Amino acid sequence: MSEPGRFHEPPVVIVGGLHADARRAAVARLLADVPGSVVLHHDLATAAAGTVVRTVRDATGILAAGEAPLVNDCACCALREDLVPELVRLAEAGGTPLAVVELWDSVEPKAMAEVVTAGGFTVAGVVTAVDPALVLPYLGNGDDLAEGGLAAAATDQRTVADTFARQLEYASVLALAEPLPGSPEADDEDRELLAQLHPTARRVPIGHGNPAATPPAGPELARAALAGFDVEAAAAAQHPACALLPAEADAHGVATLVWHRRRPFHPERLYAALEDLTCAAARSRGRFWLAGKGDTLLHWDAAGGALCVESAGPWLASLPDAAWELVPPVRRAAAALDWHPEHGDRCQHLVFTSPGLDRDGLERLLESCLLTDAEYAAGQAAWDLLPPAFDTLLEV
């Protein structure tokens with residue numbers, strides 16, 4: 001590989017999303033808006049045959065094609081190994097004002113943005129392309145990716161819903177494609193759901209994907225995609241300890257409930273309520289505090305009727321002062337904003353977003369899972385004796 005700085009490195013825009021028609025429309029829009037731009041795409045659909053097909057194309061068609069062999073039987077690993085060398089070749093050839101990396105269906109942009117950055121290139125923007133009418137159906141789809149031929153590896157256990165949610169919530173730009181003729185049209189509820197799921201994203205309409213037939217008022221997608229992207233900040237915004245979660249909202253039949261408390265959950269009562277809580281909203285996420293596990297920050301991540309609960313490391317309040325220097329500044333800042341004199345950064349911070357959300361019922365259920373006044377007054381020693389209902393779920 002050439003040494004960094006020996007060639008002109010074009011800015012890189014990553015375009016992803018499970019909505020393939022919308023993704024292709026976004027890529028076509030960028031090719032039209034930035035003359036001379038080049039698209040690099042790895043097709044993982046052929047991974048079962050042992051290869052990943054790589055294509056390089058511009059607005060006129062395919063410029064080059066090749067194969068990247070699987071790495072450890074993992075198509076995504078092959079993509080990681082092959083992506084940066086291809087970007088280097090593109091940069092050495094010169095004359096490319098923009099390199100667009102079009103991700104295959106289920107590839108998540110976070111991992112690829114970090115690969116591109118580690119390779120010495122600048123990620124100018126991350127775009128997730130979306131058909132707004134399909135947001136709720138995809139968030140409600142708890143099928144494994146493998147069932148639809150969308151798994152990126154033989155060991156891939158992700159679902160359609162959780163993959164789509166992460167693709168959506170990581171991007172700085174959402175490219176909103178109009179549905180193809182004969183497909184369902186988005187309504188106000190669909191657009192509001194999208195806005196509440198990721199309120200800070202810039203949303204850019206891109207039409208049907210034929211730039212000649214549906215020219216916008218200007219190269220809005222290109223301007224948004226090239227506005228800059230901070231890979232480190234984007235990772236922090238997804239980390240449960242300092243996640244940039246949606247705010248309270250209620251419009252067009254869609255609501256977001258932000259639930260914040262300073263008392264731990266009773267492990268048995270919360271465990272018994274998990275199914276009802278998971279199914280209460282199309283999407284829920286955040287961090288929570290479980291009595292008996294006062295040192296461990298637990299991550300809540302639910303979509304498609306399925307819940308993932310896992311340890312996200314320690315609460316900062318459980319660390320000795322000397323260890324704080326090893327904690328990223330953004331994490332320390334998030335903890336300071338949420339600090340309690342007695343409990344430190346330990347808290348419940350869960351966010352539920354859904355059409356038809358039963359806010360009152362959901363709040364009552366959540367409150368019923370907290371320690372009672374008597375249980376809370378008994379103190380930490382008593383909490384540690386509560387039944388460890390979550391040990392199996394957390395694989396302790």
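1. Basis. Residues are numbered from 1 along each chain as its sequence is written, and side-chain values use heavy atoms, with hydrogens and water left out. In this predicted model, local features need pLDDT of at least 70 and side-chain atom pairs count only at pLDDT 80 or more, while totals for chains, interfaces and linings use all residues.

2. Cysteines. The structure holds zero disulfides (a disulfide is a pair of cysteine sulfur atoms within 2.5 Å). For Cys-242, the nearest cysteine sulfur is that of Cys-347, 12 Å away. Cys-242 is buried, with a relative accessible area of 15%, and Cys-347 is buried at 0% (buried means under 20% relative accessible area, with a 1.4 Å probe and protein chains only).

3. Largest cavity. There are two cavities of 30 Å³ or more (a cavity is a set of points, on a 1 Å grid over the protein atoms alone, where a 1.4 Å probe fits but cannot get out; lining residues have an atom within 4 Å of a point). The largest has a volume of about 50 Å³ (the space filled by probe spheres set on the points, which are joined across faces, edges and corners). Its lining includes Trp-315, Arg-287 and Asp-345. Helix H10 (residues 329-337) gives the most to this lining, with three residues.

4. Second largest cavity. This one holds about 30 Å³ of space. Among its lining residues are His-41, His-42 and Trp-104. Strand E2 (38-43) and strand E5 (99-102) each supply at least two lining residues, and E2 gives the most, with three (helices, H or I, of at least four residues and strands, E, of at least two are DSSP runs, numbered from the N terminus).

Notes:
Buried means under 20% relative accessible area, exposed over 50%, partly exposed in between (1.4 Å probe, protein chains only). On a 1 Å grid over the protein atoms alone, a cavity is a set of points where a 1.4 Å probe fits but cannot get out, and a pocket is an open set with protein on both sides within 12 Å along at least five of seven lines; lining residues have an atom within 4 Å of a point.
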